[in-house]
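Follow this walk through the model with the coordinates open.

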Amino acid sequence: MNFTPGIALFIFCAQFLAYTVKGLIGFGNPLISAPILSMRLDNVVITPGTLLLDCPVNGYITWKNRRSFQWRKIVPLLAANLCGVIPGALLLRFSLPWVIKTVLGVVVVFLGLEMATRNLRPVRAGEDRLWLRLVVSFFSGICSGLFGINMFIVAFLQRTAKDYSEFKGSMCFLFLGENLFRLCTYAVNGLLTPDALLFGAISVPAAALAMLLAGKLGPRLDEEKLQKAAIVLFILGGVSIIVKSLLFHT
């Protein structure tokens with residue numbers, strides 16, 4: 001792939017926006033960046049390239065929230081999540097790009113709508129069963145291996161965590177473990193290509209500047225309003241990539 005100055009600037013801007021959102025609300029960067037980047041790049045470059053950034057960023061956030069881990073709850077979910085990463089990585093390697101992008105758009109829109117309507121669907125008794133958490137975590141791992149989007153387990157546990165501190169700490173630990181495992185899986189399957197490495201190198205300064213900006217803006221902004229704005233971006237991005245991939249098969 002030819003990384004022209006225009007492509008490099010496009011990657012930088014998309015990643016800057018995505019990691020600003022992550023720095024402000026703790027998650028969501030792939031739901032922002034993946035649909036935008038998929039307009040001009042293939043997921044076989046985007047997903048491994050973004051992972052190179054996610055590992056240190058999630059490591060940093062995990063360290064900041066290390067006192068909030070719920071070990072007994074998160075370790076079984078991490079194991080199920082890692083089991084899903086392997087088939088997801090294989091699908092990423094062998095599937096048609098436009099098919100992957102269409103499914104990506106559907107996943108992003110679904111997650112955005114789920115988050116937007118969560119308050120309308122109260123948690124029912126027995127919904128936090130272990131087997132259900134494991135199934136959701138496994139499916140979330142497949143989406144992570146394929147798209148770099150490990151958000152189904154986030155959407156599920158947001159509904160069941162006792163408080164935001166518990167949720168954020170546990171999720172960042174799960175993300176870090178999944179990131180490190182996925183890095184090894186991609187390396188074994190030949191997905192850490194020169195294009196993916198260059199994509200990651202272009203994205204590093206964007207992510208660094210975004211995290212600095214988020215650190216300064218975070219205390220001044222309302223978290224609930226930030227999450228609502230992010231959800232709107234998720235849905236719009238998902239719809240745009242579905243339309244493009246179905247119309248042009250690119």
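Start at Thr50, which counts as buried because its relative accessibility is 7%, and buried means under 20%. The model is a predicted one. Thr50 belongs to helix α3, which covers residues 43-64. What does Thr50 contact, leaving aside its neighbours within four places in sequence? The partners are Gln15, Tyr19, Asn29 and Phe199. Phe147 is 97 residues from Thr50 in sequence, yet the two C-alpha atoms are 9.9 Å apart in space.

Gln15 leads on to the next residue. Ser203 touches Gln15 too, along with Ile11 and Leu53, when residues up to four places away in sequence are not counted. Ser203 sits in helix α9, residues 194-217. Is Ser203 buried or exposed? Its relative accessibility is 0%, so Ser203 counts as buried.

Now turn to Ala34. This residue is in helix α2. Ala34 is buried, because its relative accessible area is 2%. With residues up to four places away in sequence set aside, Ala34 touches Ile46 and Leu104.

Helix α2 (residues 29-37) packs with helix α5 (residues 97-116). The angle is about 145°, and the axes are 10 Å apart. Which way does this pair cross, left-handed or right-handed? The crossing of α2 and α5 is left-handed. From α2 come Leu31, Ala34 and Pro35. They meet Leu104, Val108, Leu111 and Met115 of α5. By class, the residues of this contact are seven nonpolar, no polar and no charged.

Helix α4 (residues 71-94) packs with helix α6 (residues 130-147) at an angle of about 40°. Here the axes are 6 Å apart. The crossing of α4 past α6 is right-handed. How do the residues of this contact divide? There are 13 nonpolar, seven polar and two charged.

Leu130 is partly exposed, because its relative accessible area is 45%. Between Leu130 and Lys73 the C-alpha to C-alpha distance is 8.9 Å, with the two 57 residues apart in sequence.

Next come the rings. How many aromatic pairs does a search of the whole structure find? The search finds one. Phe12 and Phe16 form this pair, and it is stacked. The centres are 6.5 Å apart, with 5° between the planes. Phe12 has 25% relative accessibility, so it counts as partly exposed. Phe16 has 28%, so it also counts as partly exposed.

The charged end of Arg40 sits over the ring of Phe10. The distance to the ring centre is 5.3 Å.

Finally, step back to the whole chain. The chain holds ten helices and zero strands. Read from the N terminus, its elements run α-α-α-α-α-α-α-α-α-α. What share of the 250 residues is buried? Buried residues make up 52%. The contacts can be sorted by separation in sequence as well. Take the contacts between residues at least 6 apart in sequence: 85% of them join residues at least 24 apart.

Conventions
Residues are numbered from 1 along each chain as its sequence is written. This is a predicted model: local features need pLDDT of at least 70, side-chain atom pairs count only at pLDDT 80 or more; totals for chains, interfaces and linings use all residues. Side-chain values use heavy atoms; hydrogens and water are left out. Axes are lines fitted to C-alpha atoms, for helices over the stretch in contact, and angles run from 0 to 180 degrees between N-to-C directions. Helices (H or I, at least four residues) and strands (E, at least two) are DSSP runs, numbered from the N terminus. A crossing is left-handed if the near helix is turned anticlockwise from the far one by less than a right angle, and right-handed if clockwise. Ala, Val, Leu, Ile, Met, Phe, Trp, Tyr, Cys and Pro count as nonpolar, Asp, Glu, Lys and Arg as charged, and the others, Gly among them, as polar. Rings of Phe, Tyr and Trp (its six-membered ring) pair if their centres lie within 6.5 Å; planes under 30 degrees apart count as stacked, over 60 as edge-to-face and the rest as tilted. Buried means under 20% relative accessible area, exposed over 50%, partly exposed in between (1.4 Å probe, protein chains only). A charge sits over a ring if NZ of Lys or CZ of Arg is within 6 Å of the ring centre and within 35 degrees of the ring normal. Contact means heavy atoms within 4.5 Å.
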